[in-house]
Amino acid sequence: MKLLLINPNITDALTAVIAGEAELSASPGTEITAVTASFGTQYVENRAEAAISGHAVLDALAEHMAGHDAAIVAAFGDPGLAAAREFADIPVLGIEEAALLTAWTLGRRISIVCLTPRLGRWYRECAEEHGLASRLVSVRALDVPIPDITQAKEQLRERLLEECGRAVDEDEAEVIIFGGAPIAGLTREVAASIPVPTLDGVSCAVRLAEAVAGLHPRPPSRGSFARPGRKPAKGLSAALMRRIEE
């Protein structure tokens, strides 16, 4: 099985972090192809940046999805996920939706712990768009400067763990999700010190993508996620232009 992992921001160091966690989570025999957006921002934190990265996701799918069994949008907040599902011939999963769906199998009171207040608001809106916001009892965000987003996992580890403790003690969280690709893999490192199940969106998406792809669902030919008809376009990358016009 081959999974396409798309980092919707332009930071190769974050792609390496995400890919490392994906490879640790994947089943034997699953191959991970990790790609970085060819345009956009250093990391995705708000609605405007999410709109830009959604375009980058479609661009990456058009260029790289051939030969893969499923794709993963590897930014918590799932930018462009619905459009990607409409656009692609393979299943496409987002790491926030995958984490929330997995968390619901482990408990009824879910908390997301993340890096910044703007991320927290966006993540809650994403959960609402997926119809999953009712499953959240809290979204806890740090409110401290992030000197280097590629080192956030190491630099802010203790602060994130403190918020996990508050989520359990004050919000009665039964499952905690670490929100954000920059802290992918933190769950693997600290889960034993948190008294409730703790999840990582990348690992959840990899496992769910393997399961969905293994069911071999046919691409829809009807409904809102059926691929749109071709039409003339202008100003897109060559791969995306072909996909739109073919």
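1. Let me start with the overall dimensions of this predicted model. The chain has a radius of gyration of 17 Å, which agrees with the value near 18 Å that a compact globule of 246 residues would have. Along its principal axes, the C-alpha trace spans about 55 × 35 × 35 Å. Of the 246 residues, 52% count as buried. Among contacts with a separation of 6 or more, 69% come from residues 24 or more positions apart. The secondary structure comprises 10 helices and eight strands.

2. Next, the four-stranded sheet. Its strands follow the order E2-E1-E3-E4, the sheet is open, and the pairing is parallel. The edges are E2 (31-36) and E4 (92-94), each of which pairs on one side only. On average, and with direction ignored, neighbouring strands here are turned by 25 degrees against each other. For a closer look at one pairing, E1 (residues 2-7) runs parallel to E2 and is joined to E2 by six bridges.

3. Helix H2 (residues 47-64) lies across E1, E2 and E3 (70-73), and H2 runs at about 150 degrees to E1.

4. In H10, the residues Ala239, Leu240, Met241 and Arg243 are buried. The cover over the buried residues of H10 includes H2 and helix H3 (81-87). I would point out Arg243 to a colleague, as this arginine is listed with the buried residues of H10.

5. Strand E5 (residues 110-114) deserves a point of its own. Five of its five residues are buried, so E5 is largely enclosed by the rest of the structure. Both faces are covered: Ile110, Ile112 and Cys114 are buried on one side, and Ser111 and Val113 are buried on the other.

6. What does E5 pair with? One partner is strand E6 (residues 136-141), which runs parallel to E5 and is joined to E5 by five bridges. Within this pairing, Cys114 has Ala141 of E6 as its bridge partner. Between E5 and E6 the chain passes through helix H5 (residues 117-129), and this β-α-β crossover is right-handed. Strand E7 (residues 175-178) also pairs with E5, in the parallel sense and over four bridges.

7. A last point concerns the cysteines. How many disulfides does a search of the whole structure find? The count is zero.

Notes. Residues numbered from 1 in each chain as written. Predicted model: local features only at pLDDT ≥ 70, side-chain atom pairs only at ≥ 80, totals over all residues. Heavy atoms only, no water. Disulfide = S-S within 2.5 Å. Buried < 20%, exposed > 50% of the residue type's maximum accessible area, 1.4 Å probe, protein only. Helix = DSSP H or I, 4+ residues; strand = E, 2+ residues; numbered from the N terminus. Pairing = 2+ DSSP bridges. Right-handed = clockwise from strand over helix to strand, strands pointing away. Axes fitted to C-alpha atoms, helices over the stretch in contact; angles between N-to-C directions. Contact = heavy atoms within 4.5 Å. Rg over C-alpha atoms; globule rule 2.2 N^0.38 Å.
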